[in-house]
Amino acid sequence: AGRALVTGCSSGIGLAVVTALLGQGWHVTGISRREPPIRAPGYRHIPADLSDSAAADSAFEAAGPVDAAVHAAGVLRVGDHQGMDMQDGALMWRLHVDVAARMIQTLAPRMADGGRFVLIGSRIAKGAPGRSLYAASKAALNGLARSCAAELAPRGITVNIVAPGATDTPMLRDPARADVAPKLPPLGRFVQPGEVAAMVAYLLSPPAASITGQEIVICGGASL
Ligand code: NAI
């Protein structure tokens, strides 16, 4: 355990990651617009709207140096292929890809050798109807993560993606995605945020030192 940064920590997967890491003795700095309901001595919050590039840069400057950073902030804006909304697409690109790149660019130079990055991707990065721009932004994370993993490998720093399928968070219940009602995966239940968080915590732990540039899918069998 050491110092970790978690974006998108006010609910869902990010909040579960913060809780898991605090439970393992990490000191955690969280970044999101709203402060999460966490009152632990090891927790510090930096409020920021990460869709604003300047605000994202100053939040990462204020957070570092850290031993690990997890990018969980994200939004799902939907639209069928013909109705794709380019403004929503630009927001998702900024929040998912641009913020991940800024996070790695700002924090890696100040990170000790052996540090860790985890980006929260999505099972549907490979594509899903009505999700084209969301899927595209999540797919881009793979190129980013694999490139950065290769660049940072000489310093023992790993970069991985955890890609959940439908996970029981406020995003799953978002009326904006009511166009396609969430379907239970073959295992018969939605993924729980704590299950995603446990994988993230593992990737930050010493036995995961040889895993880098990988996408680990947690989807209840939906991709089978
Ligand atoms: P959520 O809506 O509960 O959490 C999203 C987090 O991002 C919140 O903490 C929110 O404050 C933060 N956030 C959103 N816009 C922000 C902004 N402009 N500036 C700062 N923070 C901002 O949703 P959930 O499910 O926990 O999502 C976390 C990640 O998991 C996202 O990247 C999402 O794309 C991904 N994901 C979620 C799935 C699901 O079924 N819930 C499935 C696959 C991926």
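**Helix packing and the ligand shell**

Q: Which way does α2 cross α3, left-handed or right-handed?
A: In this predicted model, the crossing of α2 past α3 is right-handed.

Q: What is the angle between those two helices, and how far apart are the axes?
A: Helix α2, residues 53-63, packs on helix α3, residues 86-107, at about 35°. The axes are 10 Å apart.

Q: Why quote both an angle and a distance?
A: Because two packed helices are described by the angle between their axes and the distance between the axes.

Q: Which residues meet there?
A: From α2 there are S53, A56, D57, F60 and E61. On the α3 side they meet R94, D98, V99, R102, M103, T106 and L107.

Q: How do the residues of that contact divide into nonpolar, polar and charged?
A: Five are nonpolar, two are polar and five are charged.

Q: OK, what joins G64 and P65?
A: A cis peptide bond, with omega at about -5°.

Q: And where does P65 sit?
A: P65 is in the loop between α2 and β4, the latter being residues 68-71.

Q: What about Y134 and K138?
A: Y134 has a side-chain N or O atom 2.7 Å from an oxygen atom of the ligand. For K138, a side-chain N or O atom lies 2.8 Å from a ligand oxygen.

Q: How much of the ligand does the protein cover?
A: On its own, the ligand has 820 Å² of accessible area, and the protein covers 94% of that.

Methods: Residues numbered from 1 in each chain as written. Predicted model: local features only at pLDDT ≥ 70, side-chain atom pairs only at ≥ 80, totals over all residues. Heavy atoms only, no water. Polar contact = N/O pair within 3.5 Å; in protein donor to acceptor, adjacent residues only side chain to side chain. Areas by Shrake-Rupley, 256 points an atom, 1.4 Å probe, with all protein chains shown as cover. Axes fitted to C-alpha atoms, helices over the stretch in contact; angles between N-to-C directions. Helix = DSSP H or I, 4+ residues; strand = E, 2+ residues; numbered from the N terminus. Left-handed = near helix turned anticlockwise from the far one by under 90°. Contact = heavy atoms within 4.5 Å. Nonpolar A, V, L, I, M, F, W, Y, C, P; charged D, E, K, R; others polar.
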